[in-house]
Amino acid sequence: MTFSRFLHLSVLTVAAHATPLNAFEYDYIIVGGGTAGCVLANRLSASPSVSVALIEAGPTVFNDSRVLIPSPAGLAWGTELDWNYTTIPQAYANNSVLTYHAGRDVGGTSTINGMVYLRPTADEIDSWSVLGNTGFSWDSLLPYFKKSEHFQLPTDPRPRAIAEASYESSVHGFIGPVKLGWGNDLAPGVFGQALNTTWQSLGFSWNADPNSGNNTGLGLFPIEKDTVLQIRQDSARSYYLPVIGRPNLHAFTNTTALDINLDSGKSHHGPKSAVVAKGVNVILPSGRKQLLRSKQEVILSAGTYRTPGLLERSGIGNPSILRNLSIAPKVPLPGVGAHLQDQWLVNAVYNANFTPTSFVASYNAKPLSASVTAAELFGSDLDTVAAQLYADIPAYARTLSEASNGAISVQAQEQILLTRASLFFDKKVAIGALTFGIFGGNCWVTLPLSTGNVHSSSDPSDPSKPLINPNFLQLPWDLLVQQRLFSLLRRVLASPLVAATLSPNTIELSPGYSLLPANASLPQTTAVFQAILAPVWHAVGSAGMRKREWGGVVDEEFRVYGTKGLRVVDASVVPVEVNGNPTSLIYALAEKAAEDILRDCK
Ligand SMILES: Cc1cc2nc3c(=O)[nH]c(=O)nc-3n(C[C@H](O)[C@H](O)[C@H](O)COP(=O)(O)OP(=O)(O)OC[C@H]3O[C@@H](n4cnc5c(N)ncnc54)[C@H](O)[C@@H]3O)c2cc1C
């Protein structure tokens, strides 16, 4: 099918199956038709006897070229398809105010993201059991990763062979909704070849399949795109478009949820008196307010930034924060919004000066990305560094607890930090990632210890508008990791083999050796990173799946503590930051959640 004919059919499909408004009562109401929300819409409406409403603040964008065209990412940034947030001034980073993109359409942030499919590591998922989620492990989640995945291989085997693009078939799914894979542009080019040789000569590894539960090393990650049609494979295209005609699935687009209708009376979930979610108050496209009633459950999938605000606007959260917002507390749950974490990066920008031909040859330069462990970054300093981190944990825990206004206790923070340290030093999971290119590269702190928060603002024009605070550089550990990552990036790019593939007289323009000399002191490095750091936009944890007494908001079946008929399923439940890129995990979690929800169907 040609690309234009494909688009034309999509339009017809949408128009033909538009569902009329009905009695505003549904078995399930999903708030947020984003990455997770579309998964739930598909799976929950699979039975014709179950009615589902999907509420999404933005429009459908199946035919929008800003979304469809896989490269360059970012065509929809700053448009009406982007919530286009900014952070509050970052206390540990020169009070800088950072941009946060988030999709505002059916498909959510999967319609505007970088499309990289890279899972967290097995040890990280296994560590969730310590946080209170005893049913979680890599082995138990793997079937859901596979269920969501449609792994595609390049149609031309030659570039795959040249690029050493191997994969472990037992960990991949081949018939799921999310098409992803490598294209025919895998040929590693001179740059990729030089990078791989150099990387391995420095003692680092090649990773045959970074999605297999261990992501350490240089490797090739797949991209979430339809490699035949060459279009983005976002959540709406994967999960919602195929079922858009179901009469029992009603999408309310351009409709904003205001809060959850909570009832403290008896519920259809049993005789016990409890705070029960009975529906959702929304603003319809006409501007009219409307209560949508739920017969079974309300599921919040509004994402890391908006889900906490919706809970708070409904009276679920930290009582002192609610009172400041003049909201009567109904369910005291101090962890709401309290444990936001995001990866952060610094860029090295080079003055590459390529002619078009050499540019193309070198730009087809995969692999480009590597994950590294603490042992690899710190080398002979590892034992000293590890001892220092363990010694710092009590003080770090106090800092984090104070910053959460006691929402998460010092003891709980200590346990969470010890779990992280064990991952770094005992399990040897990657703690950072490097992306290399002919124009420079960037270094990501993938498992930061700094912890921020996100709460509802008191903005009358948009009450659940989030006040986003990732708190970058709050704890010195993250800076130390970044310092080593940046040195490693420079070392690789300056190595003779790699440097020979760059244009002659290449220099690092930013930050540059004059601003950040190779032997820069810690204060000097801090000042530079404070000035140039950027978010990776992989924020998680603001409605974390943890023990309630450890600041948890949901249990391991996504149920909001202290409520009935209310769950959260989106990036906010991921209890602590993870390696990789979140959508792989969010798809798996949402697939699991759909089964949990349907199992409890009354
Ligand atoms: C620029 C960028 C690049 C990224 N690159 C990658 C990448 O390459 N790979 C990767 O895996 N991840 C990437 N991510 C992260 C990833 O895309 C997100 O973590 C993920 O999509 C979040 O999914 P979610 O379901 O939690 O939220 P979302 O997908 O954001 O869905 C939330 C939905 O809820 C809607 N909503 C919110 N509030 C309301 C309300 N009150 N009423 C109605 N609707 C509401 C929103 O409009 C949105 O559609 C990137 C993120 C960004 C911003």
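Predicted model: local features only at pLDDT ≥ 70, side-chain atom pairs only at ≥ 80, totals over all residues.
**Exercise 1.** Are the residues of helix 2 (residues 35-44) buried or exposed, and what covers the buried ones?

Solution. Start with the cut-off: a residue is buried if 20 or more other C-beta atoms lie within 10 Å of its own. Thr35, Gly37, Asn42 and Arg43 are among the buried residues of helix 2. The count is 10 of 10, so helix 2 is largely enclosed by the rest of the structure. Next, find the cover. It includes strand 1 (25-31), strand 2 (52-55), helix 8 (235-240), strand 11 (249-252), strand 14 (289-300) and helix 18 (582-599).

**Exercise 2.** How do helix 2 and helix 18 pack, and which residues make the contact?

Solution. Take the geometry: the angle is about 35 degrees, and the axes lie 9 Å apart. The crossing of helix 2 past helix 18 is right-handed. Now list the contact. Helix 2 contributes Thr35, Ala36, Val39, Leu40, Arg43 and Leu44. From helix 18 come residues including Thr583, Ile586, Tyr587, Ala590 and Glu591. Sort them by class: 11 are nonpolar, two polar and two charged.

**Exercise 3.** Which way do the side chains of strand 5 (residues 149-152) point, and how does strand 5 pair with strand 6 (residues 178-181)?

Solution. Recall the rule: in a regular strand, side chains alternate between the two faces of the sheet. Apply it. Glu149 and Phe151 point to one face and are buried. Then check the pairing: strand 5 and strand 6 run in the parallel sense, over four bridges. Glutamate 149 has valine 178 of strand 6 as its bridge partner.

Notes
Residues numbered from 1 in each chain as written. Buried ≥ 20, exposed ≤ 12 C-beta atoms within 10 Å, placed from the backbone. Helix = DSSP H or I, 4+ residues; strand = E, 2+ residues; numbered from the N terminus. Pairing = 2+ DSSP bridges. Contact = placed C-beta atoms within 7 Å. Axes fitted to C-alpha atoms, helices over the stretch in contact; angles between N-to-C directions. Left-handed = near helix turned anticlockwise from the far one by under 90°. Nonpolar A, V, L, I, M, F, W, Y, C, P; charged D, E, K, R; others polar.
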